[in-house]
Each structure stands twice: as structure tokens, then as C-alpha cells.
Amino acid sequence: MSALTELYDNIAVCPDCDLSRSRNRTVPGEGPDDAEIMFVGEAPGFYEDQQGRPFVGAAGRFLEELLTSIGLRRDQVYIANVIKCRPPDNRDPLPKEIEACRKWLECQIDLIKPKIIVPLGRFSLAWFSPNDPIGRVHGQASYRDGIYYLPMYHPAAALHAGNMRRAIEEDFQKLPATLEEARKGPKEEVPEPEQMRLF
Ligand code: URA
């Protein structure tokens, strides 16, 4: 059994917050265990909770369109969420739910070792970088501890909002160059947050 499959088995029986009582299925994430790019959304919605797979509704179709626009297929990237169970009525995840679930995403990142993480939306961005507002840092690559971060608006929010939609479409076009940069290997760390921005 692969380490990732074992992780999914552990997530499937996780009792660590109240969402374990209302969920139909856990949604651990999916993709190759050596994916170079990891997308991290917020939380499973209705269809994800039914199917046990991330981003299978309208937001997922939009995400696939965006991937196609840069010549990638969904099965070439890893897709996860900050929390692995659906909040009732798709409400925002609570801080205690995010904390109870923290270990699973940490473990996924350790196992997959992505070169780039794309936080999708403000909850995901806050998980990685609590002080950065998504409206300011979306589309700006930064580098920390061997990983490039390229935050973007959440596809569900961007889908029907003209400005955000254009922004996420443009931000996606920065992924290939960021990947090329990331493939060159580890960079020297620059400690000052202001100096971390690359593009
Ligand atoms: N929105 C998310 O953040 N994650 C999903 O899996 C689906 C919709």
C-alpha cells in the first residue's frame, strides 16, 4: 500500500471534528503522488461529498478549463482541500475544523513534495500565509522552504464574477514560467517578506 493510500484510509475514518458526523464521504484529494503542482481549495461541496473526489462540480469544470488553457490535464496535478469533509450547507469552515484537519494537508505536502502550491481562495491562502490578503497577492509567486506559492482566487468565486474571472485566467498563465523556475531547483532563501515576490 502506498503512503498516500494509507493516508486516505486514515482520513476516511477521521473523527477529529463534528464534520465527521455530517459527512457522506471524506474528500482526501487526488492526483499523482509525485505531482509537481498542488492546488489547494477550501472544502468539499455537495457533489464532492457525494463522490469523495475534489472539485467535481462547476468550480471543478472551470478549474479543468483553466488547466487546459496552459496545456495541462487534471490527472497531471494534485488537487486537495484545506479541510477534507463538507461543512453543512457549504458554510465557511470554522477555525477549529481547519485546525483539526491541519495534519492531513501537512502530511500530503510532505509526501507529494510539490514544486508549486497554488492556494485557491482566501481560506486556503490563510492556511499557508495568514497575513496576505488574496486581493493583493493573487498571481504573485513567492518562494519559501523549497516550495513556490502562486495564490489565486477561488474558481467558484471567479466563475461568475467578471473581474475575478479575468484575474484567475491571467494568473493561470503565470504557472508555466513559475514551473520552469521551480524545476531549476532550490533557490537561496530571501528572509524579508517584501522581497519574496518574484513576479
Ligand atoms: N470548492 C472547493 O474549495 N473544493 C472542492 O473540492 C470543491 C469546491
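**View 1. The lining of the largest cavity, sorted by class.** By class, nine nonpolar, one polar and four charged residues line the largest cavity. Here Ala, Val, Leu, Ile, Met, Phe, Trp, Tyr, Cys and Pro go down as nonpolar, Asp, Glu, Lys and Arg as charged, and the others, Gly among them, as polar. Keep in mind that this is a predicted model, where local features need pLDDT of at least 70, side-chain atom pairs count only at pLDDT 80 or more, and totals for chains, interfaces and linings use all residues. Residues are numbered from 1 along each chain as its sequence is written, and side-chain values use heavy atoms, with hydrogens and water left out.

**View 2. Inside the largest cavity.** A cavity is a set of points, on a 1 Å grid over the protein atoms alone, where a 1.4 Å probe fits but cannot get out; a pocket is an open set with protein on both sides within 12 Å along at least five of seven lines, and lining residues have an atom within 4 Å of a point. The count comes to one cavity of 30 Å³ or more, and about 90 Å³ of space lies in the largest cavity. Volume here is the space filled by probe spheres set on the points, with grid points joined across faces, edges and corners. Of the 14 lining residues, Cys14, Cys17, Arg23, Cys85 and Cys101 lie nearest the centre of this cavity. Helix H2 (19-22) and helix H5 (95-112) each give two or more residues to the lining, and H5 has the largest share, four residues. Helices are DSSP runs (H or I, at least four residues), numbered from the N terminus.

**View 3. The largest pocket.** This pocket has a volume of about 440 Å³. It is lined by 20 residues, with Ala43, Gly45, Asn90, His154 and Ala156 nearest its centre. H3 (46-51), H4 (58-69) and H8 (155-158) each supply at least two lining residues, and H3 has the largest share with three.

**View 4. The ligand and its shell.** The ligand sits in the largest pocket, meaning more than half of its atoms lie within 2 Å of the pocket's grid points. Around the ligand are Gly41, Glu42, Ala43, Glu48, Pro54, Phe55, Asn81 and His154, each with a heavy atom within 4 Å of it.

View 5. A backbone N or O atom of Glu42 comes 2.7 Å from a ligand oxygen atom, while a polar side-chain atom of Asn81 lies 2.7 Å from a ligand nitrogen atom.

How values were computed:
Polar contact = N/O pair within 3.5 Å; in protein donor to acceptor, adjacent residues only side chain to side chain.
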